Amino acid sequence: MSAEPSSSPEPRRSDAPQPRLSTGTVLLAMALAPFAYLLSPVLLWIFAGITLAVALDGLAVAIARRTPMARGIALLAVSLTSAALLSVFFAATAPQILAQFEELQKTLAALADDVSDWLGDAELPTTMEDFDELPEELAEAVGPMLQHLAQWGMTTLGVVASIGVALVITGFAAADPALYRGGFVALLPHAKRPMAEEALSAVAHALRWWFLSQLISMLLLGATVAFGLWLIGIELWLALGVLTALLTFVPYLGPLLAGIPVVMVAFAEGLETGLVVTVAYLVVQNVEGNVLMPWIQHKVVRLAPVLAISAQMLLGLLLGPAGFILAAPITVTGMVLVQKLWVEQIAREHA
């Protein structure tokens with residue numbers, strides 16, 4: 001005698017429970033947020049060290065897979081080679097770079113004085129007395145900015161110390177990443193560990209390729225600008241090329257900021273030189289940003305310009321220069337985690 005079929009319909013897979021944030025998780029995040037903000041300078045340098053460690057580890061693993069070298073030997077070779085190349089470059093060019101940076105500072109200061117004199121001497125078409133006080137108001141507006149620059153200059157020793165700590169973190173994290181990764185995953189429940197492992201692997205992969213793409217972008221844009229300025233006879237070509245390369249580490253806004261001193265120095269050489277350099281810089285920057293970088297970044301999460309610039313402005317406002325510089329890798333990390341821990345989990349529930 002067979003059992004009668006049940007009249008109740010079978011639940012559909014789309015009715016499966018979706019992942020939700022518990023009240024306790026939200027409250028814990030809100031409680032920890034102020035402490036994270038207070039510790040943000042330290043956390044940013046730790047993140048910078050981990051990002052560099054991930055890049056070195058990826059390069060060492062790639063070399064170990066393609067050569068008879070063990071991973072540890074490959075990591076040591078990569079670290080020593082990078083340090084040697086940087087040391088040789090700066091030893092050979094440091095006097096010239098420092099001299100050109102000093103001359104660049106004088107040139108920009110002279111241009112700023114010329115603009116200030118022009119604003120002070122300009123006859124503004126108005127009948128209101130407030131317009132006669134425009135130069136003083138400009139000085140009052142620029143004053144706080146100069147104070148901030150002076151404060152940043154006074155913290156140079158702190159920055160150097162922080163870079164040293166970040167490099168120490170980089171060394172230890174790159175030497176044995178499995179130790180720290182396993183320790184973090186062990187804090188999670190057993191059911192969540194495979195998902196955490198997958199998410200961490202995806203973050204490491206994205207950061208690795210993002211760092212490589214930015215390094216290539218820095219070298220290409222910095223070398224192109226330096227060579228172009230040298231070709232047309234601008235004496236500060238090396239300092240401007242190095243400055244362009246360093247600022248290009250920050251996507252989108254970095255190359256635009258780097259273009260300001262390049263264009264100003266070019267116009268100081270003459271109107272025709274200024275126009276030529278401006279057009280050439282815009283062409284090179286657009287080719288680099290719209291052709292080369294998308295091709296290089298095919299293995300990494302592509303940052304939408306609006307998202308990247310918004311993150312740079314927000315983190316720069318909240319966390320200062322370090323937040324502005326590290327906004328892009330932080331955003332890449334956040335995007336990958338959301339994709340792995342949220343979007344893909346919802347897709348699996350509906351599969």
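Below is a short exchange on how some terms apply to this predicted model.

Residues are numbered from 1 along each chain as its sequence is written. In this predicted model local features need pLDDT of at least 70, side-chain atom pairs count only at pLDDT 80 or more, totals for chains, interfaces and linings use all residues, and side-chain values use heavy atoms, with hydrogens and water left out.

Me: Why is Gly274 called buried?
Reply: Buried means under 20% relative accessible area, exposed over 50%, and partly exposed in between (1.4 Å probe, protein chains only). Gly274 has a relative accessible area of 0%, so it is buried.

Me: What does Gly274 touch, not counting residues up to four places away in sequence?
Reply: Gly274 touches Ala266 and Phe267, where contact means heavy atoms within 4.5 Å. Its C-alpha atom is separated by 7.5 Å from that of Met264, 10 residues apart along the chain.

Me: What makes a set of residues a nonpolar core?
Reply: Its members are buried Ala, Val, Leu, Ile, Met, Phe, Trp, Tyr and Cys residues joined through side-chain atoms within 4.5 Å. The largest one here has 14 residues, of which Leu207, Trp210, Leu303, Val332 and Val336 touch the most other members. Its largest share, 7 residues, comes from α7.

Key:
Helices (H or I, at least four residues) and strands (E, at least two) are DSSP runs, numbered from the N terminus.
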